[in-house]
Amino acid sequence: ETTLAIAMDGDVTFALRVVNVSEHRLEVNFPDGQTREFAVYDLAGREVWRWSRGRLFTQVMQNKLLGAGDTVTYAERWRRPRPGTYQVVAT
């Protein structure tokens, strides 16, 4: 589930909620320190913003354990985007 909120200052906050809907513990593996990504595209399909751009991540594999029914939420902020219509992809 992905949500967004627009603040009075014009910033946009994206949230990606991951839920383990199984009855078993789930191990999610990441190839490095990056655990999420948010990318924004204009109507022509051009990327206009990416959360990870310009960030450095550890180069160590990591994992996250989610118990049955557990939820983890990742939220990030896009500072003062131009007004317009966009598509957001969260992974």
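1. A salt bridge here is a side-chain nitrogen of Lys or Arg within 4 Å of a carboxyl oxygen of Asp or Glu. Asp42 and Arg46 make one, with their closest N and O atoms 3.0 Å apart. Burial uses relative accessible area with a 1.4 Å probe and protein chains only: under 20% is buried, over 50% exposed, and anything in between partly exposed. Asp42 is buried at 16%. Arg46 counts as exposed at 54%.

2. The model is predicted: local features need pLDDT of at least 70, side-chain atom pairs count only at pLDDT 80 or more, and totals for chains, interfaces and linings use all residues. Residues are numbered from 1 along each chain as its sequence is written, and side-chain values use heavy atoms, with hydrogens and water left out.

3. The protein chain has 8 strands and 0 helices. Both element types are DSSP runs numbered from the N terminus: helices are H or I with at least four residues, strands E with at least two. Along the sequence the pattern reads β-β-β-β-β-β-β-β. The C-alpha trace spans about 45 × 30 × 25 Å along its principal axes.

4. Two strands pair if DSSP finds at least two bridges between them.

5. Strand S4 (residues 38–41) runs antiparallel to S8, and 4 bridges join the two. Val40 has Val88 of S8 as its bridge partner.

6. How many salt bridges does the structure hold? The total is 7. In one of them, Arg36 and Glu76 meet at 2.5 Å, N to O. This pair links distant parts of the chain, 40 residues apart: Arg36 lies in the loop between strand S3 (26–30) and S4, Glu76 in strand S7 (residues 71–78). Glu76 is buried, at 14% relative accessible area.

7. Glu47 and Arg53 form another salt bridge, their closest N and O atoms 2.4 Å apart. Glu47 is partly exposed at 32%. Shared partners join Glu37, Glu47, Arg50 and Arg53 into one salt-bridge network.

8. Which residues form the largest nonpolar core? The 8 members are Val12, Phe14, Leu16, Phe38, Val40, Trp49, Trp51 and Trp78. A nonpolar core is a set of buried Ala, Val, Leu, Ile, Met, Phe, Trp, Tyr and Cys residues joined through side-chain atoms within 4.5 Å. Strand S2 (12–19) and S4 each supply at least two residues of this core. S2 gives the most, with 3.

9. Phe38 is worth a look. Leaving aside neighbours within four places in sequence, its contacts (heavy atoms within 4.5 Å) include Phe14, Leu16, Trp49 and Trp51. Tyr74, Glu76, Val89 and Ala90 are also among them.

10. Whole-chain totals close the note. Of the 91 residues, 26% count as buried. Among contacts with a separation of 6 or more, 72% come from residues 24 or more positions apart. The accessible surface is about 6,500 Å², and 51% of it belongs to carbon and sulfur atoms. Accessible areas come from the Shrake-Rupley method with a 1.4 Å probe; for residues, only the protein chains shown count as cover.
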